[in-house]
Amino acid sequence: MELQAIYVQILALVIFAIGLMVAVSRRNVFFVLMGVELALNAVNLSFVGFAKTLPAEASIVGQVVPLFSIAVAAAEACVGLAMVILIFRNRESVDADTYSNMKG
Amino acid sequence: MLALIYFIVLAVIAVGSAVCVLLSRHPLYGALSLVASMVSLAGIYGLLGSPFLGVVQIMVYAGAIMMLLTFVIMVLNGARDSHTPMFDKVSLFVIPAVIVLAGLVGFALVRSPIAFDAATIRGSVAITSKTLFDVAQSGPGYFVLFEVLGVLLLSAMGAAVLLAKKRLGSVESEKTEDKH
Amino acid sequence: MISLGLIPLFPLLGCIILGAIAIISSGSKKGPAEGFVGTLAVLFPALSFAGVALLSLNMPEGGIRETLCNWIDIPMFRVDIGFLFDGLSRIMLLFVTGIGSLIALYSIGYMHGDRGFARYFAYINLFLFSMIVLVLSDNLLLTFLGWEGVGLCSYLLIGFWNKDIKNCHAANKAFIVNRVGDIGFLLGMLCLVTIGGSAILNYDVLSNFISMVISGNHVELVIPVLSVAGILFFIGCTGKSAQIPLLTWLPDAMAGPTPVSALIHAATMVTSGVYLLARLGSMFALLPVVLDIIVVIGMLTAFWAAVAGLFQNDIKKVLAYSTISQLGYMFMASGVCAFDASIFHVFTHAFFKAALFLGAGAVIHALSGEQDMRKMGGLLKKTPVTACVMIFAFLAIVGFPGFSGFWSKDLILEKIFMSGTMGQAVYVVGLITAVITAVYMGRLIILTFFGSYRGSKESEEHIHEAPAVMLIPMVILAFGAVFAGYLWADSIGIKFFAETLAPVVGAAQAYNTPAVVAHVNPVVFAALGTVAALLGMFIAYKIYANARIPAAKGSSAPEGGKATWTFLFDSIHKYVGIIPVNVLAWICDVVVDKILAAAQWTIGAIATILGDGAASFQVRKVRLQIALSILGLVALLAIVILTGGTL
Amino acid sequence: MLLHLLVLAPFVAAILMVMTSKEDSKSSSRLAILMGIGFTAMSVALIAGGSVSTEAIEWFQIPGCKGPVYYYLTSHGLASWMVFLSSGLSLVALISARAITCRSYRNFAIGIFSLMGAMNGTFLAADAVLFFFFFEAMVIPAAVLIAGFGGKDRMKAAMTFAIYTLVGSAPMMVALWYILTIADNSTLISIAVAVQGLPEATQNVLLVCFMLAFLVKTPIFPFHGWQAITYAEAPAPLSAILTGAMSKAGVFGFIVWILPIFPLSMNAVSCMMWLGLFTAVYGALMALRATDGKKLLAFSSMGHLGLAVAGVFSLSEAMLPAVLVLLVAHGISAGAQFYLMGIAERMAGTRELDKLGGLSSKNPVFSTLFGFAGVMALAVPGTAGFVGEFSVLLALWDMGPLPALVAGFTLILSAAYMLRFIQKVIFGKQACEYEEGRRTMPLEGVSIAVMLLLLLVFGFHPAYVTDSLNETEVTEDPAAAQVLNSAALNNGEAPMTAEEIHQLDSTLAAAGFKDDERASIIAQMKGDASADAKSEKSVKEASDAK
């Protein structure tokens, strides 16, 4: 039994699913953010896993892209948390369902 | 064989701590579980032959981002929501839906013939930086993208500062000043 | 030689000036000086009358024609504004402007102190303008301008005291009923246009066309279209001249000031139908069926209105019905192609009926607005001049020998009798009608002037004779009523009137001259007419002279069984015209429109539901939206995978 | 130049109005009225100038279409009179609005100017897409004005109006796009040629799509749901423009865009004529029952326009001048009546007929004008309304006595409701308290009096109106005249090919022309085409076509 490429993908899928569950089903806004991070991680893992199935030069691409995605995630977390602080200051609540100001 | 065992251990930790994130009541515990999950993922990166990425994962994600998150959770003391339920009606059909979704994707994955290639390149620092900054290749490569990313991070920082700072002279800031 | 255009221009100028005065002075409390306004108001019709008189004196045999300018010029249709002054329009114009001026003079006294003094005279001048255009125009379309114009003025003047909504209703009724007739006129014109192009609307062209048709023996070809046109024109005439079935507006039109009733609803406007028949005489002469219809309608109208007149208590309404009845005579005459006789009766009728109306106006004026005859009586001593005028006019209308009505009415009856077998039956009805005429007119005179005063005591003291400005026109008209008949005293051999009209209507009458039925001495007709008049007067004396008049109870309208009689045509209009239209309107408003609104609402509701349905996914909870999108994703994936990605 | 000014300058004027002071309504009203006078003067000059057209400037290319869209304006007798109505009524609206919307007069003027520009564009456009653009653009300022300045139900009215008219013209847009994928370009002649080549079923579908837009705009019977509420709720000056000028766009569309483009079958024609007549009767009956003064006027307008549409589809020789005179007369008289009703509403604070009354003694000048306007609407001979209605009756008589009889019936009904209207508003006893000090203003009164005088002048001398048509009438049939006219204007862009001539020939044959007439028309067309073929542009176009 060797480590198969498919195992990595399945792990990524499981973590992505859990991340999605966290992001959607939890009401606390911090959990929402964490869920998103988790899902992003899973995607990164998937990238790397797939990269390893490619030969030589092509495989490096799959390992560079997660770098960017991590950086974007950092930016996202930065702004997202700032917004959470702002909203929390106005609402005194971390319940994402109460943030319904921008309804259509 | 050994790689598989390491992988299974790390995967179990990653999934287990991810489930902990899902089930923990206090966000702080959630954040800590998330850090555990990320660290184990970093291990998997290493296992897969991308040590640089694993290091970055630990530094940026588990280190910087999660620290920021934890910090915010702790600053906003009211973040512990005892009155909002952990799950509600939406969750009831989201969780099955996500499971079905995962099942479907998994089904598709399992049927696809993918396998590791022997000739992959190890994602070491040297290789990665060469890929990122080598302008000699045809076209700009990743260099411009990298610079844009820098700008993005800078502007995100600026935006965060602008959003989160207390407006001087506003009613709120005076209120907090009164408290002090 | 003065231009024909000046004749209508004077009253038009008068109308504009007086209208301007009326508008300018409307703001001030006092109103304009009545003397000044009155002078202006009489001046313009009088100028016009002078013009007509001047023209009449040296009118060439064939008449004067004058085309001013082009009016409508579109493909298929071209009509000029042009005037035609011939024997027929000369007579019509003479008495229109003449009586118009007299009545304007009378009105100065009658309308004294009214707030709308200047406005009234503006309307009167506008009316005279329209009437002059009506009779002076050389084509049908311009005649139609006058035709509707007089209808409009009639509307304005009936509703002159517009604070009382009843007057407005009467005015509306007059206009709408007239409109019905006018549409007949319009369609009649269109009918003519189909056979001869727009040029045929010109009277000269029309008569040339007719004579061409006759000489070419094409009569049979054109008769169908011409008959339709003739009937349509006749409908127009029944509207304007208050014949069956469009006669209901005239009694109601008495809501207007009395001089207006005299001028418009007795002397001039209502006779324009007769004028039109005479004008189109050459056409009508070809159409025996239409002529028969005209005779029958005229006969029925004359008889029915005379009977209805018996039951009226309002002095003006009696006169209104009498007008309708007399118009019936004129139509009978036209129906037997005796256009000259009918115009002659128009002429004499204008005098005696105007005199009667002005007399009635003077009585009403004397009694401060009382119109119910049951509250009058014994006025002979209090208002002798008025009484004399009215009695002379009365004798004229019943056809007392020597008075104008005698000449004209007997002429008509004679011509009817001579026209054929049907004419003899009509003659009998006409004679009976003459008896009834004498009865109701006798009733009017007796109730008003004889016996003792039946009104309240305090009102008796206020009774006074009218001022001179009112009496002078009355007296002049009374003279007319007595002597106008001598222009065509057939029995004593004076035929001036017939000769005047001969160039216009002679050809038409010649075409239709019946084979002489019987040689009857004209004296026989005169004698029979006289007997009828005397008989009627006698009956009236017997019934009303010593009868106890029931006290008036509020309204002067007839009640009970009489009401069903006299309002017969009102109710016919109601059931044939008003109610169906209202039902149609109701259907449109309540049924069709609601259905459409419902359809509109349904479509709107469907759109709203669809929109709401789409929008209901747009819930405020972000999580729910994500959840829904996950579901969608699941479904999509399921489809892709289950179909093997081939879809 | 005049054409460009009339179409574009109103928008410039609207922008200028934006710059005026919001508070000082006096100065902005002065500026607005001054500009309004300018536009009216220009429209008079346009009428006097006869048929002119601008150079066709390529505007843009619609994806999927063969030819470009042109910015191309042309004026003929009908269009120039419609432009006169739109600018003249806008001027009076600007005058009349001073008393109604003194607070935000500036905004009102902005709306009116943009509406005027859009209407002028609609009437002057010689390019189908340009026409459609302005046709739609009219709705926006009108709806905004209704929503901003209307009565109680203004939002509902604005919505109803906008939805009805926009939905009505949506099929036209699709149909137009479809035609443009076939036609060489979007000018009238090439569209007509393109439509002739289509199978009959397609033609019918396209016809219905085009018709719908105009039916809604006019409005004709089943599509009139927006009209009453819109006219009633809109501020009176706007209602006057809506009925006096905008609704004319529907009839205008029938004449200019339907008749020349589509080879109408006899069934379609008589169907449309009866629909028009039915609308006339329906409008009159509804007016008879209306209790709201402005709704009564709305239904009366509907009746008159129904008569106009019936006249259009009588396709008689007299049709074009008849309908033109009717439209001009109706535009002015209905406009005047709406202004007057607005004044009555201002004085009484209500539009309910039962609550009005007795104005004749209270305000004689007003009621004189009111009665005068009513008489104009009654089509008494001597007014322009009579000339219009009589000649339409004449045109209808061509189709048979029955249509004329029905039209005559509507005249009776119109007398009935108009008299009732006059009686309820100005006669009788005073039924409510009238506000003092908000009477007719001198300028307003004078402007309405001028309108009424115009009607009298046109009534006695309709040649002022009808003469403007003579230049455009090349043949006797107006439809063919339109085709020819536009062909003459257009051959600069599209020289006739043999195939096109053949198509035109068959069209004319379908329209019932005799052989010799057809031959002469085609000879004329060929002559024009060859004469123009020398110009560089057409040579270029021809080479493009190859």
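Analyst: Strand 2 of chain C and its surroundings

In strand 2 of chain C, Asp80(C) is the bridge partner of Asn70(C). This pairing, like everything that follows, is read from a predicted model. The two strands concerned are strand 1 (residues 64-74) and strand 2 of chain C, which run antiparallel to each other and are joined over 9 bridges. Between the strands of this hairpin there are 2 residues, and Met76(C) adopts a positive phi near 75° in the hairpin. Strand 2 itself covers residues 77-85 of chain C, and 7 of its 9 residues are buried, so that the strand is mostly covered.

The helices of chain C can be examined in a similar manner. Helix 1 of chain C comprises residues 6-25. At 1.5 Å a residue, its 20 residues should span 28 Å, and the end C-alpha atoms are 28 Å apart, which agrees with that expectation. Which residues of helix 1 of chain C are buried? They are Ile7(C), Pro8(C), Phe10(C), Pro11(C), Gly14(C), Cys15(C), Leu18(C), Ile21(C) and Ala22(C). Seen down the axis of helix 1 of chain C, these buried residues fall within an arc of 155°, and therefore they line one face of the helix. Their packing partners are helix 2 (34-57), helix 3 (87-110) and helix 4 (117-136) of chain C.

Further along chain C, helix 17 (residues 384-398) contains Phe394(C). Is Phe394(C) buried or exposed? It counts as buried because it has 24 C-beta neighbours inside 10 Å, where 20 or more are required. Leaving out residues up to four places away in sequence, Phe394(C) touches Met441(C) and Ile445(C). By contrast, Ile364(C) lies 30 residues from Phe394(C) along the chain, and their C-alpha atoms are separated by 17 Å.

In soluble globular proteins, nonpolar side chains tend to be buried together. The largest nonpolar core here has 442 residues, and those that touch the most other members are Ala354(C), Ala355(C), Ala393(C), Ala481(C) and Val323(D). Helix 15 (residues 319-348) of chain D gives the most to this core, namely 21 residues. Apart from neighbours within four places in sequence, Ala355(C) is in contact with Val389(C), Ala393(C), Met474(C), Leu477(C), Ala478(C) and Ala481(C). A second, separate core has 77 residues, including Phe16(A), Phe47(A), Ala51(A) and Leu41(B).

Chains A and B also meet directly: 65 residues of chain A contact 77 residues of chain B. On the chain A side, helix 1 (5-25), helix 2 (29-51) and helix 3 (56-91) each supply at least two residues. Helix 3 of chain A gives the most, with 25 residues. By type, the residues on this side of chain A are 49 nonpolar, 8 polar and 8 charged.

Chain B has 7 helices and 0 strands, and 28% of its 180 residues count as buried. Chain D has 25 helices and 4 strands, and buried residues make up 63% of its 546 residues.

How values were computed. Residues are numbered from 1 along each chain as its sequence is written. Chains are lettered from A and ligands numbered from 1 in the order in which they are written. This is a predicted model: local features need pLDDT of at least 70, side-chain atom pairs count only at pLDDT 80 or more; totals for chains, interfaces and linings use all residues. Two residues are in contact if their C-beta atoms, placed from the backbone, lie within 7 Å. Ala, Val, Leu, Ile, Met, Phe, Trp, Tyr, Cys and Pro count as nonpolar, Asp, Glu, Lys and Arg as charged, and the others, Gly among them, as polar. A nonpolar core is a set of buried Ala, Val, Leu, Ile, Met, Phe, Trp, Tyr and Cys residues joined through C-beta atoms within 7 Å. A residue is buried if 20 or more other C-beta atoms lie within 10 Å of its own, exposed if 12 or fewer, and partly exposed in between; C-beta atoms are placed from the backbone. The expected span of a helix is 1.5 Å times one less than its number of residues. The arc is that of the directions from the helix axis to the C-beta atoms. Two strands pair if DSSP finds at least two bridges between them.
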